[in-house]
Amino acid sequence: MILFPPAVFDSNEWFIVAASVLVWTVSLALPKRFSLFTVVCIWVLNIYLAQTTDFIIGKVPYELYQVNDYSEYEYFDVFLYIITYPPAAYLMLEGYDRWRLRGSKAVFYVLACALVTIGLERVSVAFRVFTYDSWRLAYSYPTYVLVYSLNIGMLRLVRRYHPLQGLRADRPEQRQGRL
Amino acid sequence: MPTVYLFISIAICMLCLSSLMLLYRRMHPLILLHGYFVGTILMQQSFAVLSLNLHYVKPVLGLQAFWAFKLPGLFVQPILLLWGLKPLFSRKHGAGAKLCLILIPLLLMTAVDAGMKFTGFVAVMHWNAFFSALRYALILLADWAYLKLLQRLMRAEEVSGL
């Protein structure tokens, strides 16, 4: 089988669907802040990071945790990488850009976002999206801090070539000033 | 022997990573980054399907073997893919030269796979070098199509440096 369907469409699948609907609703409800190109950059980076991490430590020989029902590759694994994970990083960058955080404020923001994500991961473990083997929830914290820092790095890199990014959408005069 | 192969693997990775400097001067950094990310994503997904789900190939268990096999998958093959993509974005070369410049990285990527079989890091059940080359050619085409669309989007949004 090329991709495995869920063993049973139960709590983990429902959780993934509900979480995806929630993050997409929040993302779409917020005023458009980033251009399509920037969103694509954020999306691709997060698919790459999530998939690479899971394929290194989530599969054999390490197998520190299992994602969804099987240790094989499932439809809902792909769904997680493409639909569920990237909007979370998008929302983090949305706040980072909206409040124009720099220096220590940005550090605290990243640490706080990683803490919120840890909370969400705890709920996802309860719904059996992740089944830990040798993994602990505490290990995820530095991982999320690193992932969010890389996302901020990507946003800054995009801004270098795409100067309109990062200007406050709620202050159009700033955009005109930069033009 | 696996330790020697691991060190050879690390040396090839470093060589490929240093070749990124040459690519960086010739291609837009964001195009380069997207090409790397999408290439790696496609390679990882296709390999997961081939090894975990279809059992056409089977990586040997063991940490040394895993890293000797994983490092080229993360660095060597995606960077070779970028070298294969470079002539497709160049206006300097004719069709014949482009084909040759694309074939060289494709052959090298297939050679890395053959090397993995030779060193015993991957057991091959229903797979051969031709399928490997075909897989990389399809990934190259998909990555190229993605980057073309991305380049169009970058032009539309007036991203600088193109």
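Predicted model: local features only at pLDDT ≥ 70, side-chain atom pairs only at ≥ 80, totals over all residues.
Chain B contains five helices and two strands. Read from the N terminus, these elements follow the order α-α-β-α-α-β-α. The C-alpha atoms of chain B occupy a box of roughly 50 × 30 × 30 Å along the principal axes. Of the 162 residues in chain B, 46% are buried. Contacts between residues at least 6 apart in the sequence of chain B were also examined, and 80% of them join residues at least 24 apart.

The accessible surface of chain B amounts to about 8,300 Å². Carbon and sulfur atoms account for 73% of this surface. Chain B carries 13 positive and 4 negative side chains. The centres of these two sets are 10 Å apart.

Over all chains, the whole structure holds 26 aromatic pairs. One of these is formed by A:Phe55 and A:Tyr81, whose ring centres are 6.3 Å apart. The planes of these two rings meet at 85°, and planes over 60 degrees apart count as edge-to-face, so the pair is edge-to-face. A:Phe55 belongs to helix α2 (residues 36-58) of chain A and A:Tyr81 to helix α3 (residues 75-98), so that the pair links distant parts of the chain, 26 residues apart. Both residues, A:Phe55 and A:Tyr81, are buried.

An edge-to-face pair is also formed in chain B by B:Tyr5 and B:Phe121, with 6.0 Å from centre to centre and 90° between the planes. B:Tyr5 lies in helix α1 (residues 2-26) of chain B, while B:Phe121 lies in the loop between α4 (95-119) and β2 (122-124). This pair links parts of the chain that are 116 residues apart. B:Tyr5 and B:Phe121 are buried. In chain A, ring pairs join A:Phe9, A:Trp14, A:Phe76 and A:Phe79 into a cluster.

A:Tyr90 is part of helix α3. The relative accessible area of A:Tyr90 is 9%, and the limit for a buried residue is under 20%, so A:Tyr90 is buried. Apart from residues up to four places away in sequence, A:Tyr90 touches A:Ser27, A:Arg33, A:Phe34, A:Val39 and A:Ile42. A:Phe34 is 56 residues from A:Tyr90 in sequence, and their C-alpha atoms are 9.4 Å apart. A:Ser124 sits in helix α4 (residues 103-126) of chain A. A:Ser124 is buried, with a relative accessible area of 4%. With neighbours within four places in sequence left aside, A:Ser124 is in contact with A:Phe15, A:Val129 and A:Phe130.

The peptide bond from A:Val60 to A:Pro61 is cis, with omega near 5°. A:Pro61 lies in the loop between α2 and β1 (65-67). A:Asn68 is not a glycine, yet has a positive phi of about 60°. A:Asn68 is placed in the loop between β1 and α3, and is buried at a relative accessible area of 2%. A:Arg128, likewise not a glycine, has a positive phi near 65°. This residue, A:Arg128, is in the loop between α4 and β2 (130-132). Exposed residues have a relative accessible area over 50%, so A:Arg128, at 52%, counts as exposed.

Notes:
Residues numbered from 1 in each chain as written. Chains lettered and ligands numbered in written order. Heavy atoms only, no water. Helix = DSSP H or I, 4+ residues; strand = E, 2+ residues; numbered from the N terminus. Buried < 20%, exposed > 50% of the residue type's maximum accessible area, 1.4 Å probe, protein only. Contact = heavy atoms within 4.5 Å. Areas by Shrake-Rupley, 256 points an atom, 1.4 Å probe, with all protein chains shown as cover. Lys, Arg positive; Asp, Glu negative; His and termini not counted. Charge placed at Lys NZ, Arg CZ, Asp CG, Glu CD. Phe/Tyr/Trp six-rings, centres within 6.5 Å; stacked < 30°, edge-to-face > 60°.
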